[in-house]
Amino acid sequence: MFKSIVATALISALTLATHAEDKPQLKAPVGLQLYSLRTQFQAEGPAKTLDRVKAMGFKHVELAGTYGMPPEKFKAMLDERGLEPVSGHFSWDRFKKDPEGVAKEAKALGLKYAGTAWVKGAGAFDEAYTREVATIFNKAGKVLADNGIKFYYHCHGYEFAPHGDGTLFDLLVKETDPQLVSYEMDILWVFFPGQDPAKLLAKHPDRFVFTHLKDLKKGVATGDPSGKTDVRNDVALGTGQINYPALIKAAETSAVKYHFIEDESPTVVDQIPVTLEYLKQFQK
């Protein structure tokens with residue numbers, strides 16, 4: 001009987017070990033896109049909100065503005081709390097009109113990367129416009145590179161209209177210089193228009209340097225290329241529709257350097273801890 005119990009225990013242990021080895025691992029650090037707490041920044045002020053970020057256990061952050069504060073002062077507040085500003089979003093107009101100014105501000109904030117998250121104009125996002133955007137990306141990327149900053153673009157859903165054997169997003173990737181232009185995959189904004197985030201990451205493994213980790217509420221229809229959905233459709237990871245184990249597995253062999261949680265929902269303060277708990281299973 002004792003030998004039987006020991007044998008069963010050994011088999012169980014080996015099975016668990018095998019499953020642990022098979023489980024995908026988050027190899028890149030997990031940070032927070034501070035836009036997630038935009039309401040708190042406005043209501044509580046930067047100091048208390050950044051205290052929240054630190055208390056949640058984050059070490060790396062992505063910026064989306066400084067809430068009226070000079071870049072140097074905002075950077076000092078991050079430093080005081082041990083928060084590393086890796087990247088930041090800036091407006092599309094600034095990249096078109098003043099990429100040198102973006103580079104200067106990014107350096108003052110201590111950023112390694114500066115990017116934009118919305119380039120859709122009033123007209124259609126078609127092939128001609130995609131090529132126009134790619135040209136501006138390359139020019140902005142060169143200016144930033146000359147200043148020691150790397151340029152990136154955060155996809156937003158409207159880029160996934162069919163084009164040739166792929167999509168306009170594939171064309172955008174093809175027409176941009178990989179030495180000057182990188183990408184950030186917002187998982188929800190890939191999934192919502194009907195794409196598979198894991199397959200897209202595998203298709204362009206060397207171009208995505210960041211992800212935005214977010215999930216889409218169950219029951220919400222996909223196939224919408226508008227780039228817009230109710231913020232209440234952002235739910236904690238693991239409670240929505242997206243296959244995160246497959247995405248994390250694909251990220252293991254990609255160029256992704258950081259994963260940033262972005263939760264735009266009004267219940268973000270309650271949802272971030274749930275997301276962090278869900279991600280623990282993928283962390284060593």
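Let's start where helix H7 meets helix H8. On the H7 side we have Glu127, Thr130, Arg131, Val133, Ala134, Phe137 and Asn138. They meet Leu168, Leu171, Leu172 and Glu175 of H8. Contact here means heavy atoms within 4.5 Å. By class, this contact has six nonpolar, two polar and three charged residues. Nonpolar covers Ala, Val, Leu, Ile, Met, Phe, Trp, Tyr, Cys and Pro; charged covers Asp, Glu, Lys and Arg; the others, Gly among them, are polar.

A word on the model. It is predicted, so local features need pLDDT of at least 70 and side-chain atom pairs pLDDT 80 or more, while totals for chains, interfaces and linings use all residues. Residues are numbered from 1 along each chain as its sequence is written, and side-chain values use heavy atoms, with hydrogens and water left out.

Back to the pair. H7 spans residues 127-146 and H8 spans residues 168-175. Helices (H or I, at least four residues) and strands (E, at least two) are DSSP runs, numbered from the N terminus. The two helices pack at about 35 degrees, axes 9 Å apart. Axes are lines fitted to C-alpha atoms, for helices over the stretch in contact; angles run from 0 to 180 degrees between N-to-C directions. The crossing is right-handed: the near helix is turned clockwise from the far one by less than a right angle.

How many residues of H8 are buried? Six of its eight. Buried means under 20% relative accessible area, exposed over 50%, partly exposed in between, with a 1.4 Å probe and protein chains only. The six are Leu168, Phe169, Asp170, Leu171, Leu172 and Val173. Thr167 caps the N-terminal end of H8, with a side-chain oxygen 3.2 Å from the backbone nitrogen of Phe169.

Next, the barrel. Eight strands close it, in the order S1-S2-S3-S4-S5-S8-S9-S12, with parallel pairing. Two strands pair if DSSP finds at least two bridges between them. Neighbouring strands of this sheet are turned by 30 degrees against each other on average, direction ignored.

Look at S12, residues 258-261. S12 pairs with S1 over three bridges, and four bridges join S12 to S9. Gly31 has Phe260 as its bridge partner in S12. Ile261 stands opposite Leu32, and also opposite Leu213. In a regular strand the side chains alternate between the two faces of the sheet. In S12, Tyr258 and Phe260 point one way, His259 and Ile261 the other, and all are buried. Helix H12 (residues 268-279) lies across S1, S9 and S12, at about 145 degrees to S12.

Now two single residues. Thr211 sits in strand S9. Why does Thr211 count as buried? Because its relative accessibility is 0%. Beyond four places in sequence, the contacts of Thr211 include Glu184, Met185 and Ile187.

Last, Ser36. Where is Ser36 found? In the loop between strand S1 and helix H2. Ser36 is buried, at 2% relative accessible area. Its side chain reaches the backbone oxygen of Gln33 at 2.9 Å. Leaving aside neighbours within four places in sequence, Ser36 is in contact with Ile261, Glu262, Asp263 and Val268.

Conventions: Polar contact = N/O pair within 3.5 Å; in protein donor to acceptor, adjacent residues only side chain to side chain.
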